[in-house]
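Dear colleague,

I am handing over to you the structure shown below.

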Amino acid sequence: MGSGIYAAVAGAKAQSQYLDLIANNLANIGTAGFKADDLRFGDHLVTAGRGATQGGVLLREPKAMHHNIVKRDQVLVDIIGQTIDFSQGPLRKTGNSLDIALEGEGFFRIELQEREFYSRDGRFHINEEGELMHSSGGYVLDDSGSMIKLEKGLVEVDEDGVITQGNTEVARLGVMDLTDKEKITKAGHSLFSYSNPDELPTEAADTAIFQGRIETSNVNAVREMTKMIKTHRHFDAMERAIRAYRELEQKSINDVGSQGQ
Amino acid sequence: MIGALNTAATGMEAQQILIDIIANNLANVNTTGFKKSRGNFQDLLYRTLRAPGTSVAAGFESPTGLQIGQGTRAVDTQRIFSQGQYKNTQNPLDLAIEGAGFFQVQSPTGETLYTRSGSLKTDGQGQVVTGDGYILDPALTIPADATAVTIGEDGTVSVQLAGQNEAQEVGTIQLATFVNPAGLLAMGRGYYKPSSSSGQALQAQPGQEGIGTLAQGFLETSNVQVVEEMIDMITGQRAYELNSKVIQTADKMLQGITQLR
């Protein structure tokens, strides 16, 4: 049995998961504040019958030589990690006073079901109590972590996130810096969750706030299409390899067997 | 693989909803007092295949997890209550609201509805009604022998009666505002109904803070911007195509697998 067939199967599986991810990016090309995902691939070395390694770190355990059988190492391709592309999405002017866009590294603070989340989606609205709400149904928090209550009338937001109504300062939008980007996970509903026990989120220093604009999705259609074509081709190649192994097996069963007779 | 198919389908569905919304906006480009809608989209929940920080080999932790999204969904259609433009009609009973207020009217079934369309008329009894015959609330009657009607910025209605020198005041037009107008229920034909999300109507005389003033002889045109809608339509159509390409790719890959045997 050719053990290489498993490498081909692992490759095909990884490519099919990659397509799932590309599909999600393209489905969210119209989602405000959406950040594209990407995958990193790597070798996954399985040392003859022993444990595996990860992330390009090849750990060779002593081989079982006493059996006097030569076992071959096997390299499987696998997904070693996921990255979220936090690059700036293009800002789009809407003229709506409750559409607020961020330019820079910061995130809005959102409270949903007594948990704090972060978001780049600034399509806010107010509820019947006059509280500022996020599109997920959570509350938008100010810089001290409390809800923002607005009065009737015009709302003005300046570049530092200070909300004024009439001549009164109502609150200042909480915009936080999540330093360790690898600790950010997506929670759906345009929300990110962040859990880093070492460092709590701090106020973002250089993030500009724009009223009347929304940050559109940063999914790049050209890049995603190219990735999709590549994924398709890789998948095809893996499929051919599986086919080749199958033919090889068939030959060895039929032909080698018939020679013996 | 099946994941990509479903994900791309959510993307196509979202773009279809977007095109439906654009079509309605464009169809109402000449509707007096029409307020455009906007489709808001969000990413769906994520399937976590591997949580960040999971141990992948003795002493090795995966720095990032593997989360694959399930696509997108339409969260809401948000009505944008930005001011439309004013069209001069010279008609004394054409009123435009400069501000956030709404006219309050009584429907034939006795329901209180709200509208921005100020194309008012008088019925057989001289009562001021909307184009659909809905009675303005509080009711206002223009005497049959009135030669001129003057409506002030503050809603005061005065008439000039035949054979009299002095103008006579016959009533005032009141306006209503809502804490969250985006939460109003659209009833069609330009009428809105309060919902739990919009809050209760607050009636006041025009000219008071935040409610707006009246402009006689003007109509408020639709706030639909044709160029903006066209651009949205183009991007919507292309995004739809991109998602259909994902389906085609996933289909071809599936086809390859089924032909393996």
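**Findings**

The secondary structure of chain A consists of two helices and 18 strands. Please bear in mind that this is a predicted model. Chain A has 261 residues, of which 38% count as buried.

On confidence, the average pLDDT of chain A is 83, and 85% of its residues score at least 70. One stretch calls for caution: over residues 49-70 of chain A, pLDDT stays under 50. The model has 31 contacts beyond four places in sequence for that stretch. Where pLDDT is low, the predicted coordinates should not be read in detail.

Helix 1 of chain A covers residues 4-27. Its 24 residues should span 34 Å at 1.5 Å a residue, and the end C-alpha atoms are 35 Å apart, which agrees. Of these 24 residues, 18 are buried, so helix 1 of chain A is largely enclosed by the rest of the structure.

The two chains meet through 52 residues of chain A and 58 residues of chain B. On the chain B side, the elements that give two or more residues are helix 1 (2-27), strand 1 (37-43), strand 3 (55-57), strand 5 (66-69), strand 6 (72-79) and helix 2 (226-258). Helix 2 of chain B gives the most, with ten residues. The residues on this side of chain B comprise 27 nonpolar, 28 polar and three charged.

Within this meeting of chains, how do helix 1 of chain A and helix 1 of chain B lie, and at what angle do their axes cross? The axes come within 8 Å and cross at roughly 5°. An angle under 35 degrees counts as roughly parallel, and helix 1 of chain A is therefore roughly parallel to helix 1 of chain B. Helix 1 of chain A makes the contact through Leu19(A), Asp20(A), Ala23(A), Asn24(A), Leu26(A) and Ala27(A). Helix 1 of chain B contributes Gly3(B), Ala4(B), Thr7(B), Ala8(B), Thr10(B) and Gly11(B). The residues of this contact divide into six nonpolar, five polar and one charged.

Finally, helix 2 of chain B has 33 residues and reaches 48 Å from its first C-alpha to its last, close to the 48 Å expected at 1.5 Å a residue. Its buried residues include Asp232(B), Gly236(B), Tyr240(B), Asn243(B), Val246(B) and Met253(B).

With kind regards

Definitions and conventions:
Residues numbered from 1 in each chain as written. Chains lettered and ligands numbered in written order. Predicted model: local features only at pLDDT ≥ 70, side-chain atom pairs only at ≥ 80, totals over all residues. pLDDT = per-residue confidence, 0-100. Contact = placed C-beta atoms within 7 Å. Helix = DSSP H or I, 4+ residues; strand = E, 2+ residues; numbered from the N terminus. Buried ≥ 20, exposed ≤ 12 C-beta atoms within 10 Å, placed from the backbone. Nonpolar A, V, L, I, M, F, W, Y, C, P; charged D, E, K, R; others polar. Expected span 1.5 Å × (residues − 1). Axes fitted to C-alpha atoms, helices over the stretch in contact; angles between N-to-C directions. Parallel < 35°, antiparallel > 145°, perpendicular 65-115°, else oblique.
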